[in-house]
2 protein chains.
Amino acid sequence: MVETDKKREVIIEGAIKRFIHYGINKTTMNEIAEDLSVSKPSLYYYFPDKNSLVLGVIDKIFTDYFEIVEKDRYTDISLEQRLAGFTEVKHRFFQKYYMLHLSGGSPDSSLNSDELKSHFLKMKKKNEDFHAAIFQAAIEKGEIAPTDTEKIAELYLESLAGITSLCIMHGNKELFPSKKEMKAMLEKQLSLSKIFIKGLQ
Amino acid sequence: MVETDKKREVIIEGAIKRFIHYGINKTTMNEIAEDLSVSKPSLYYYFPDKNSLVLGVIDKIFTDYFEIVEKDRYTDISLEQRLAGFTEVKHRFFQKYYMLHLSGGSPDSSLNSDELKSHFLKMKKKNEDFHAAIFQAAIEKGEIAPTDTEKIAELYLESLAGITSLCIMHGNKELFPSKKEMKAMLEKQLSLSKIFIKGLQ
DNA sequence: TTTTTGACCGTTAGAATAAAAAAGTCAGAA
DNA sequence: TTCTGACTTTTTTATTCTAACGGTCAAAAA
């Protein structure tokens with residue numbers, strides 16, 4: 001039913017608005033329903049439970065992310081430029097969806113259910129595969145030396161994610177990292193990315 | 001009074017034994033006193049409060065750490081070997097003192113007081129300076145290209161620390177990361193360290 | 001038949017309180 | 001000067017309670 005999918009989309013977008021501002025745990029199904037001027041049971045007609053809705057939200061966010069990075073996949077730029085671009089995209093998403101605590105290490109971890117965690121790991125794997133393909137292409141172009149692209153992609157992404165993780169934790173107990181911290185974080189990630197690529201040559 | 005310092009040392013070592021097993025927050029001053037067969041007020045004679053004792057403990061741990069790495073400072077080995085050695089030392093300390101949650105990002109963060117945090121930052125700075133000097137020496141030897149050693153040292157250490165941080169968080173809610181996770185973490189750090197150095201050449 | 005809803009139920013997260021245990025103090029003994 | 005038993009104050013933990021939340025259902029609306 002295409003009509004059903006449309007409504008699901010509307011609900012997901014409504015949920016995202018709340019989630020971005022208040023976080024997943026502080027957003028109730030009632031609030032989402034009221035925002036959309038429908039009753040709570042309507043929500044439950046389209047999503048069996050809150051977890052499913054959260055899953056839909058996360059899936060949408062990742063779909064959006066992959067859509068953007070896929071666009072850049074076959075552009076003719078250097079590996080360094082490409083990865084810098086991806087880093088910036090990730091950074092934008094990190095900022096926009098910060099309240100959803102998708103980067104893990106959240107104080108009130110929103111992703112408690114095994115279902116969500118497993119889906120999250122799937123997305124992580126997809127991203128690793130995507131980056132592995134990027135590295136593979138770079139090898140074929142002679143930009144970097146041949147290596148185990150899967151391992152390198154994982155290491156590369158975890159190194160950058162680790163810096164994000166540190167930023168979240170060292171955040172002085174504020175709800176939101178400051179603009180300054182955010183900027184410093186991005187710069188560190190770009191520097192590291194640059195050095196990392198050079199180290200692969 | 002040298003006798004006083006000796007006693008302080010004994011108390012610190014007793015505290016460490018408890019801290020290693022139960023963590024800082026789950027260790028009481030009474031327990032430390034009983035272990036040493038003294039009364040609680042005796043402890044308070046040598047340390048004005050628990051924070052001071054914790055500070056003493058942390059200071060001792062860092063002193064031990066720096067003592068080890070300083071030894072390797074002027075040995076005639078490659079930068080890669082040297083940093084790999086340091087990484088392994090850090091890893092040993094991380095494992096040994098895991099329950100103290102010195103790497104931050106602890107669920108029950110032991111380091112709440114500003115005094116402790118500031119001391120911790122001092123140790124971090126000292127470690128950064130130490131590594132900056134290592135990088136400087138490597139530049140002078142022609143092992144790596146000239147750069148801003150302070151920035152690079154910070155980035156290098158944070159990259160490795162980030163991996164530790166991810167390891168702690170993704171730890172499946174167990175009290176202790178498994179041997180397997182620990183090994184994987186160390187290997188990632190060594191790989192990253194290697195690539196990082198190569199990227200500095 | 002598909003979609004929507006008001007009214008309802010069981011569970012849970014959070015506030016409030018009480019009880020326990022911990023940190024920290026002090027007069028005085030060794 | 002160093003140490004202790006007995007004490008007070010503060011913090012942590014356990015408990016209770018309640019409001020709010022997630023989720024359901026019979027029935028109405030489309």
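User: Which helix gives the most residues to the surface near DNA strand D?
Analyst: The model is predicted. In it, 18 residues surround DNA strand D, the closest being Thr28(A), Pro41(A), Asp49(A), Lys50(A) and Pro41(B). Two or more residues each come from α2 (29–35) and α3 (40–46) of chain A, and from α1 (2–22) and α3 (40–46) of chain B. With four residues, the element that gives the most is α3(B).

User: How many residues of the surface near DNA strand D are charged?
Analyst: By class, this surface near DNA strand D holds seven nonpolar and five polar residues. The number of charged residues there is six.

User: Which element gives the most to the surface near DNA strand C?
Analyst: Around DNA strand C there are 18 residues, of which Pro41(A), Thr28(B), Pro41(B), Asp49(B) and Lys50(B) come nearest. At least two residues each are supplied by α1 (2–22) and α3 of chain A and by α2 (29–35) and α3 of chain B. The surface near DNA strand C divides into seven nonpolar, five polar and six charged residues. The most, four residues, comes from α3(A).

User: Which helix supplies the largest share of the side of chain B that touches chain A?
Analyst: In the contact between the chains, 20 residues of chain B meet 20 residues of chain A. On the chain B side, the elements that give two or more residues are α7 (149–170) and α8 (179–200). The largest share is 10 residues, and it comes from α7(B).

User: How many residues on the side of chain B that touches chain A are nonpolar?
Analyst: The side of chain B that touches chain A includes eight polar and three charged residues. The nonpolar residues number nine.

User: Where on helix α5(A) do its buried residues fall?
Analyst: Helix α5 of chain A (residues 79–96) has 18 residues and reaches 26 Å from its first C-alpha to its last, close to the 26 Å expected at 1.5 Å a residue. Its buried residues are Arg82(A), Leu83(A), Phe86(A) and Lys90(A). Seen down the axis of α5(A), they fall within an arc of 90 degrees, so they line one face of the helix.

User: Which helices do the buried residues of α5(A) pack against?
Analyst: The buried residues in question are Arg82(A), Leu83(A), Phe86(A) and Lys90(A). In chain A, they pack against α4 (50–71), α6 (114–140) and α8 (179–200).

User: Is Ser37(A) buried or exposed?
Analyst: Ser37(A) is found in the loop between α2 and α3 of chain A. Its phi is near 55 degrees, a positive value in a residue other than glycine. Most residues other than glycine have a negative phi. With 8 other C-beta atoms within 10 Å, where 12 or fewer is the cut-off, Ser37(A) is exposed.

User: What is the phi of His101(A) near?
Analyst: His101(A) lies in the loop between α5 and α6 of chain A. With 19 C-beta neighbours inside 10 Å, His101(A) counts as partly exposed. Its phi is positive, in a residue other than glycine, and near 50 degrees.

Conventions: Residues numbered from 1 in each chain as written. Chains lettered and ligands numbered in written order. Predicted model: local features only at pLDDT ≥ 70, side-chain atom pairs only at ≥ 80, totals over all residues. Near = placed C-beta within 6 Å. Nonpolar A, V, L, I, M, F, W, Y, C, P; charged D, E, K, R; others polar. Contact = placed C-beta atoms within 7 Å. Expected span 1.5 Å × (residues − 1). Buried ≥ 20, exposed ≤ 12 C-beta atoms within 10 Å, placed from the backbone. Arc of directions from axis to C-beta.
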